[in-house]
Each structure stands twice: as C-alpha cells, then as structure tokens.
Amino acid sequence: MPVQLTRRTILTLVGAGAVSLATPLAAQDTALRLAFIPQENPEKLLGDIEAITGWLASEIGVPVEGFVTIDHAAAVEALRNGDADISFMGALPFVLAEAEIGAVPLLSEVYRDAPNYTGRIFVRRDSGIGALADLRGRDIAFADPISESGYLYPLAEFVEAGLVKGPGAAEEFFGRVFFAGGYQQAMQAMAEGLVDAAGASQYADLLLTPQQQAEVTWIAESAPIPSHLVIARPGLDAALRDRFVDAMLRLNEPEHRNKLRYLYGPDGYIRADGAAYDGVRDMARRYGLLE
Amino acid sequence: MRVLLATLASALLLSGPVAATPAKEAPWLPDAAAYRLTLFLGNLAPLPWDDIRTAWTEPYRGSEFSVGALAWLDRESKIEPDALMDAMMREDRQAVFAEATRLIALRIEEELDRSLAAEESATAQQAVRTARELYRAFEDGVAAADSEAARRIGLAWLELNSSTGFSGVLGAGSTSADRETMEAARTVISSYLAENYLLDSFAPRRALSALPETAVLSGRAIEVPPSLPPGSDIFDQDPLPLLVLNFEEQDIDETDLPLVAFGDMLFDSAQIFGSPARDLGITCSTCHNRSDINQRLFVPGASHQPGAIDVDGAFFNPIFNDRRDDPLDIPSLRGLRFTGPYGRDGRFASLRDFTRNVIVNEFGGDEPTPFMLDALVAYMLEFDFLPNSMLTTDGRLTDAAPEVARRGEEIFNQPFAGLGDRSCASCHVPDANFLDRQAHDIGSVAPAYEGARAGALDTPTLLGTAYTAPYFHDGSLPTLAAVVDWFDETKALGLTEEDRASLTAYLETVGAADEPYEAFDTENTAFRLAFAELTTFASTLDTLLPRRDAEHILLLTDTVAADLSADASTMSNLAARPEVYALAERLAAVGAAVRADDWATAEASWTAFKSEAAAIEERAF
C-alpha cells in the first residue's frame, strides 16, 4: 500500500485547516492553541474541534488552533512546553499540573445543574452484594489510576469504611483489581459478570444498554468531585485569556448552546474556583500523587 | 465528567429484544463495520454484491469515521486486503467470508503486536483499545457458541489493559508495564483467534455469522441472536410526529377503551412478530411512528434510503422473500379509515387482511388471534389527519391560506390534456380527503418486464404531506416542488415557472398542519409520554384479568414490563429510575403469576402496580 497516512498526520492537517478557517477574521498574529483529550472516536473529535475553533476564532479575534493529544499526560506536557495554551482537563490531572507547572484553572463544566458529580460503586442487582464489605475477596474494575470518579474517590469509600488500609493496599482486600481503560469498559465488565463491581462516575450506568441499566445498582457513593475543567498554561497573555473565557461563557447563552456538543457536551461553563479543587488536592496527597 | 458526552453521544450498544427506546450504537471501527456489514448482506438473497463492495469502500451510513474500510486499512495497517478484493470480484461468498474473517483476525493481531511493542503506556493502551474494538466483530459469535471462552477472553482484555502501565501526569501516578502479564493475556486472545478465525480454510457456511470455527465444526445447533449491521437506524425521529387520535380529541380516555388500548399496546409490541423483528425490538410503530412515518429508519440491504424498507426481502421473513430489491417509502397511517384500499397498489380492500399480512407474511409472526386483529384495527382506525386551519374539512382553502396557494388551487382544479382532460383534483378529490380510493398507473413505476401492466398505485392523500418527504412509492422525489415538476414534465402540462410555484404552494398548504410535531418541555418529557402510554396499555388488565385471558395478558406483560424498564433509561430524573424498575417488576410479576396459573397473586400484583404507578406519576417527574 503506497499511502501511509498516520493518525498524527491527519491531526496536523486538521489543525492547519482550523487555522486557515480563522485567519481571515484574525486581527493579530497571536494564535491560541487548544489541546483536546481524545474520546472513543478521535475522528469525530476532529470534526468537533474544527467547528468550535472556527467559532472561537470569530469571537476572540485571533486564530484558534485545536489538536488532540493522546491523553491527559500529553496535554499537560503540551502546556508545559508551550505547544498548547489551553487544555480541557480532568480535576486530578489539573491539580498535578498546577503543582508542577503552575497551570491556571479557567472554567469548570456544569452538568445537570452542578459543577460537581460523584463516583459510585456499581454491582449487578442479582449479585447479592449489598455493602462494600461484601466485596472482600471479589474482583472489581476501575476506569484508570488517574481517574477521579473512576478510581480515587470510589476507592476512598473503601478506605473510609475501614476495609482498605490505604491507597496501594487495595489488592489486600479485593480478589483482583483491574483498570479497564474507561468507565464504559469497567461497567461492561461488571454488567457481563466478568467482575463483581465497577468503580465509575455516577452517570456511568447510562453507558450500558437499557436492559443492562435495569440490571445494575450502586452500593456506595463518593463525596462530590469537582467537575472537569479548562485550564491555561502559566504566562498566557492575560487579555487573550480573558477573551477566551468570555467567549466560552457565551456558550451558556441559548443561541450558542448547540455548540456545547462539540465540547464534550456539558450543560455549560462557569468561571473556575481554584478552591473548589481543594478536596482533589487532598485526595492526590493521600494517594501519594502530590507532595 | 468527560464520560457524560460519551454517555449521550455515542457509547451505547444497540439493545436487544426489549428495547422500546434503543440506545445509539457505539461507532464501529471502519474495518470491523465492513466485516459485520458483509456478514449481514451475505445472508440476503439475492446477494447484493454491489452493497458488499460499497461496505468496504465507503463509510457506513451515519459513521463517525470519514473514510471507508479499505482507506482506513491503508492508513492504519500494513495488511493487504488483495485476497478479499479478489474474492469480492469473483463474487465468491464463501471466499469473501473466509478472507474478511482472516483480515479482522489479522488486524487484531497487528494491534496486539503494537501494544506489546509500544514503549509508551499510552500508545500501548490505544492499541489494546483498538484491538478490543476490532474483536467486537467476533464477540457475539463467541458469546453465543462458548460462554466460557467469552469469559476467558473478556478477562484477558481486562488483564491486558491493566498491565500496559499508565503514564500518569508529569511522572505522578505512573506505573510501568507488566510485560509477562501482557504476554500471557495476549496468548489467551491470540490462541483463540488462531483456532477459530485465523485459518487457511473455513467450513462452508449456510448462514454467515461470527461463530467460531470450532463451534461450526462441532455441528451443534447454536442460536446467534439477530443483530442489525452498522449503519442501521431504528430510532424514533426528532422532532417526534404529533399523534392525533379521534377519541382523544373528544376527551375520551383510552383507559375506558380496552380494545383500543390493547391495540395501541400491540402496535408497540415486537412480540407479535417473528424473529428477527421480535428480537430486534421492531414494532409497527418503529416504521409508522406515532401513526406517521419514521423518516430516519434505515437497514442496510433492506433500505435504499432513510424512511424506506423492503419488507418482502430476505431479512424479515425469508419464506416471503420475493427476491426483488424493491424497498418502499414508508406510508403514513394518518386518516387510515379514509385511505383504503390498503397496500401501495391498493391490493387489500380490508385493513384487517392487510394487518394480518404484515404480521404473518412480512414479519414472520404467529397467526394473530381474532381479538388481536380486532384490537389493532380498532386502534388504527382512530388515527386522524392533523388539523390544518388553512383548509376546510371539505378541502377548500380558508382565509388563513396564502394568496399564492389560491392561484395554485385553480391550477389544481384545471383539466389538462396531458392528464386525459382530467385535473389533479380528479384523483386527489378535495372533498374526499384528497383521495379517490382508486389505483392509477401514472407511469411512475418502471415496467418489470416488457408488456408489464402492474404499475398502478393507490392514490395517496395530500393531507399532512408537507412533513412526509420524500415522495412517490419509492421516495424518488425529494420535495413537493419536484412532484409538480415531474407531472409537468412527464404529462406535458405546460406550466410556467410561476404556475409551478403556485401549485407547489397549494400542495404545501394542503399538506400543512397547525401542530405537526409533539412539543416537549420540562413537564411533557419524552419519558413522561412513554410512561403515560405504557400505564394506559397496562390498564387493559382490568378487562383481561377477570376474563382469565392468559394469552393476551402475557403478550401485554411481556411487552410493557420490558418497555417500561427500558424507557427508564431515558428519564431525566435519574434518582427516580429505581422506582420505575420496581414498577416494571410488578407487571412482570403479574405475568409470572399468570404463567403459574396463580390468579390471586396476579391480581394482587396488578393492584400494587396501579397504586405505585399513580404515586410515581405524582412525584417522579
């Protein structure tokens, strides 16, 4: 096969497309570079990025370029080395990025009227499991080790119940602990009976089929977790940053709300309150992720 | 919270037999999608070879990926699809199956190799994710044939993902890969692929499926649950058509009309059909949604465009297969009691006979009982046209109609030589709901053979047609303006451009409605509508239980309990979902008790259902 286009090549092309879209509207040379964390379908995200960066460029008056990183870690790296100015981010990666490179929180996502959510421990209704203690010696699937609602907060419920001594000691209580790769994979593994429980976001059961949703329940719920957010690299021009934030807040207005589906589909955004993430900072310290 | 986007947008698998509200399917990778389309299309007769080639060259309909499987392979893989393309060229079904199966197995192996060769955890995880998504092409075959193997492989995927290590963030939270565990998990998957999907030759298949080769060779009878191929769409459309029921307009409560309510339930019940429709959750209302047309319905190989389907092809009831690729634009059922005869060519004088034909012949269902046919007909006869304040009930324009439509009305009533000195209104008689209840050959059907005379089609009403595009029996004309153009050109009507615009405006006015779509808000939510319908259906138990009518009670409980539970997934009030699940269980308990001939328990469960449903109605929304 002669053509060897890689996913990375395509991303570059789309990034360039976004720039050229924005250029005629640009009043100055400065471009704003946005890092996006991939969903299950990077191709769809590319289309989304094109739509949203085009709109942002017209609102802000500078070219806006978007690109997809392989994960949160790569997005933080991009902020550190200046490849990205702004990134969409989970709460835990944010507090780590804040500590390491001084990342600045700009906006928090709002979903179902709240800028926070919870993590839950899900089980099958017919499993006979009614309490956390019933999971002793049984298998559990979490999303991944730096997921707030898909690992840290649900596991903390076991710690608070006195069942798990602390982070890192989970395997002493459970039979097997898996990191399934995402909420959906963890929930499917539980619903299909591969594992006895799943630790995932409070809304993760919506990732199952309607029949499966009726077959599962949850036995524990974490404290509220502040929502995902949008962060900036330190040193980003303050005026540009403010214009970006103002534009993003305009997405809350009825005529622009349809664009939210290009941005991971929140109900809207509010200005981020750095103090709201204290709980996540504490949690990160408890897990030894933060000094 | 990032998952929420995925929640709403794309991550659910198509649900099975009880799905009243099927969830949107997760996007298939292009190569896995092409494979599943090949299996589906390969079971149709006659086999649509062009569609199979298209399945590999173009993205499936509605795909979130912009390229087809071959271009995707070109981009993402080093595997050469030459042997598959050669098999397609030779139109050798068994060879296409073998080559496509091998190709998917090789793709999984390729991604597994990548994951093991990756130096970065993130890269390894991405490769595992891709391999896992490709394995989805085989997954239901493995599950149907060998649940133990399905479990073993499922755990291997979990193990593989867990042992790839994690990048963390700037060093925090990172873990390194556990190579030994990765290798062991990979061996579990690869051994199974080698034994079942990565073979030099495969046993001949009567029906193409993703069943593992060892299961096929064993000769055991294995039921593979039917599934729709990627690109299928059986969702309700948005906006949802407004349903106008004659009795409701007269403020008569459906719960006081048990025969109508039971018919309403049957109209929403997949249980009256045979497999595969029953197992896929396809009902009358899947196509004739809210008495109108589901304009997004599409099944590859059975639909040539959205809103059209070939119900006498090989898929729904192979015995009824007419071996012709002749999908029909789904007709609206509004005003059904005025629109006989039935069938596009008007071959059924009786709605009852036509309904039986749909259930038994087209969708392979068991013979319906007289009560079921009575109920369905009683319900469907209540479908009314949409009120239109621009039209009187005898088909004249009111003052609310635009002036341009009045000029069109004159053209509509004017005789044309090209129409045999008749007018448009001669067939679409305004004071007879724009019908003449006859079939005419207007030359819109290409003759099937030289001298063929079967081109006569039942005159369709013009009422409500502003919302039912496309037009003609095969949906070949996209707009009412195109219909006007077609008549002008084929019948040499000699209309000026202004005439055409006026006639189109008239058709759009006649076909309009004051409220064509259901209005949802925070009070009238989609779930609330479904809940009200389902509890109404259940109300026929007040009639059926005293009659000890086990057959029809079970039809009802099997349909409604499952639908109620499935519809709970669409509730915006997530906290109230467990109450709806509990309510569904009450209804299922009625069915279980009737099956056990325990009528006292059945009645107790039914009483509990009624009081709990009322309480939920009060507070759950």
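Predicted model: local features only at pLDDT ≥ 70, side-chain atom pairs only at ≥ 80, totals over all residues.
Chain A contains 10 helices and 13 strands. Of its 291 residues, 59% are buried. Among the contacts in chain A with a separation of 6 or more, 77% are between residues 24 or more positions apart. A:Leu155 belongs to helix H5 (residues 148-160) of chain A. Its relative accessibility is 0%, and A:Leu155 therefore counts as buried, the cut-off being under 20%. Apart from its neighbours within four places in sequence, A:Leu155 is in contact with A:Phe142, A:Ala170, A:Phe174 and A:Tyr287. The C-alpha atoms of A:Leu155 and A:Pro145 lie 10 Å apart, and the two residues are separated by 10 residues in sequence.

Helix H5 (residues 82-89) of chain B packs against H6(B) at an angle of about 160°, and the two axes are 8 Å apart. An angle over 145 degrees counts as roughly antiparallel, and H5(B) and H6(B) are therefore roughly antiparallel to each other. Their crossing is left-handed. On the side of H5(B) the contact involves B:Ala83, B:Leu84, B:Ala87 and B:Met88, which meet B:Ala95, B:Val96, B:Glu99, B:Ala100 and B:Leu103 of H6(B). By class, this contact of H5(B) with H6(B) has eight nonpolar residues, no polar residues and one charged residue.

Helix H6 (residues 93-117) of chain B also packs against helix H7 (residues 121-145) of chain B, with an angle of about 160° and axes 8 Å apart. H6(B) is therefore roughly antiparallel to H7(B). The crossing of H6(B) and H7(B) is left-handed. The contribution of H6(B) to this contact consists of B:Thr101, B:Ile104, B:Ala105, B:Arg107, B:Ile108, B:Glu111, B:Leu112, B:Arg114 and B:Ser115, while that of H7(B) consists of B:Ala124, B:Ala127, B:Val128, B:Thr130, B:Ala131, B:Leu134, B:Tyr135, B:Ala137 and B:Phe138. In the contact of H6(B) with H7(B), 12 residues are nonpolar, three are polar and three are charged.

Further along chain B, helix H24 (residues 577-595) has 19 residues. From its first C-alpha to its last, H24(B) reaches 27 Å, close to the 27 Å expected at 1.5 Å a residue. The buried residues of H24(B) include B:Arg577, B:Tyr581, B:Ala584 and B:Gly591, as well as B:Val580, B:Leu583, B:Leu587, B:Val590, B:Ala593 and B:Val594. The cover over these buried residues includes elements from both chains: helix H8 (210-215) of chain A, and helix H21 (526-538), helix H22 (541-544), helix H23 (550-567) and helix H25 (599-619) of chain B.

The axes of H24(B) and H25(B) come within 8 Å and cross at roughly 160°. H24(B) is therefore roughly antiparallel to H25(B), and the crossing is left-handed. Among the residues of H24(B) in this contact are B:Val580, B:Leu583, B:Leu587, B:Val590, B:Ala593 and B:Val594, which are also listed as buried. The residues of H25(B) that they and the others meet include B:Trp599, B:Trp606, B:Phe609 and B:Ile616. The contact of H24(B) with H25(B) divides into 14 nonpolar, two polar and four charged residues. Just after H24(B), B:Asp597 takes a positive phi of about 60°.

Most residues other than glycine have a negative phi, and most peptide bonds are trans. Two further residues with positive phi were noted. A:Arg112 has a phi near 50° and lies in the loop between strand E4 (104-110) and strand E5 (116-117) of chain A. With a relative accessible area of 29%, A:Arg112 is partly exposed. B:Asp421 has a phi near 60° and lies in the loop between helix H17 (403-412) and helix H18 (424-427) of chain B. B:Asp421 has 59% relative accessibility and counts as exposed.

Cis peptide bonds were found in chain B. The bond from B:Ala45 to B:Pro46 is cis, with omega near -5°, and B:Pro46 is in the loop between helix H2 (30-42) and helix H3 (49-57) of chain B. Another cis peptide bond joins B:Asp238 and B:Pro239, with omega about 10°. B:Pro239 is in the loop between helix H10 (213-218) and helix H11 (246-249) of chain B.

Note on methods
Residues numbered from 1 in each chain as written. Chains lettered and ligands numbered in written order. Heavy atoms only, no water. Helix = DSSP H or I, 4+ residues; strand = E, 2+ residues; numbered from the N terminus. Expected span 1.5 Å × (residues − 1). Buried < 20%, exposed > 50% of the residue type's maximum accessible area, 1.4 Å probe, protein only. Contact = heavy atoms within 4.5 Å. Axes fitted to C-alpha atoms, helices over the stretch in contact; angles between N-to-C directions. Parallel < 35°, antiparallel > 145°, perpendicular 65-115°, else oblique. Left-handed = near helix turned anticlockwise from the far one by under 90°. Nonpolar A, V, L, I, M, F, W, Y, C, P; charged D, E, K, R; others polar.
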